[in-house]
Each structure stands twice: as C-alpha cells, then as structure tokens.
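Please look over the sequence and the structure before reading on.

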Amino acid sequence: MRAARKERRAKDKTIKKLQEELALLRKPGTESEDDDESKGGEMFRPRYFQAVTHLNEQMSKTKLVYAKLAKTEKLVKELYCENSHIMKALQLTERRQQQAEQRLKDEIEKKEVLAHLLHKVSPQIT
C-alpha cells in the first residue's frame, strides 16, 4: 500500500509538471492562429499536443492507481474486521476451554475424595 502511495505521489508530481508546462505553452497572445503563425507559434503546437496527450495518459494511469488503492484499502478494512471477529471467537473458546479444564479438575478431586471415603467405610470393596 505504501508503494502505491509513493507511485501516486510521483505521478501527481509528473502531472503537476506537465500542467505547468502546458500553462507556459498557453501564454496570452499565442491563442489566435494569426499570432501563432506570425510569431512562430507553429513550432510549439506539436509540443503542446504531446504535453496534452502525455497529461491525459498520466491522468488515466493515476485514476487506475486510485481505483486499485481504494479497492486495496477496502480489502484491508474487511480483513481487519474479520480478524477482530476471529480474535473475539478465539478468546471465547480459550475461556470455555479453561472453564472445562477447571471442571474436569474439580470432578477428578471429587472422585478421589469419594474413593477415599468409600475405602474408609468399606475397605473390602476397593
């Protein structure tokens, strides 16, 4: 998940650079075709379209990364909740096991006491 965030930040920086470059290419006075042709703006046009295309590609990649990150975060939350439920069930089971072991120990002690009393009452039986 950290790697995805780093990748997202790197892509955001790239997008920001491209947007700045695009803003430089869109300076006032270069928007009309007459001004572009008279000032040599035609040489910037392919670079402008290349920057726009690259920016669109980066935006689509970033959207995919965001979608994957959202899906991953949802899965992590689900796993966290499931783990919490499993831990509660495990604690309950351990508590029940301890109680059962204690009852068994008590029953064994009762059996020994009763066997001892029976031996005292009638030694021939045992």
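## Overall architecture

The model described here is predicted. Its protein chain contains three helices and zero strands, and from the N terminus on the order of elements reads α-α-α.

## Surface and burial

The protein chain has 126 residues, and 12% of them count as buried. Its accessible surface amounts to about 11100 Å². Carbon and sulfur atoms contribute 57% of that surface.

## Helices α1 and α3

Helix α1 covers residues 2–25, while helix α3 covers residues 45–121. The axes of α1 and α3 come within 9 Å of each other and cross at roughly 155°. Angles over 145 degrees count as roughly antiparallel, and α1 and α3 are therefore roughly antiparallel to each other. The crossing in which α1 passes α3 is left-handed.

The contact of α1 with α3 comprises 13 nonpolar, five polar and nine charged residues.

## Residue Thr62

Thr62 is located in helix α3. With neighbours within four places in sequence set aside, Thr62 is in contact with Lys11, Asp12 and Ile15.

Is Thr62 buried or exposed? The relative accessibility of Thr62 is 5%. Buried means under 20% relative accessible area, so Thr62 counts as buried.

Key:
Residues numbered from 1 in each chain as written. Predicted model: local features only at pLDDT ≥ 70, side-chain atom pairs only at ≥ 80, totals over all residues. Heavy atoms only, no water. Helix = DSSP H or I, 4+ residues; strand = E, 2+ residues; numbered from the N terminus. Buried < 20%, exposed > 50% of the residue type's maximum accessible area, 1.4 Å probe, protein only. Contact = heavy atoms within 4.5 Å. Areas by Shrake-Rupley, 256 points an atom, 1.4 Å probe, with all protein chains shown as cover. Axes fitted to C-alpha atoms, helices over the stretch in contact; angles between N-to-C directions. Parallel < 35°, antiparallel > 145°, perpendicular 65-115°, else oblique. Left-handed = near helix turned anticlockwise from the far one by under 90°. Nonpolar A, V, L, I, M, F, W, Y, C, P; charged D, E, K, R; others polar.
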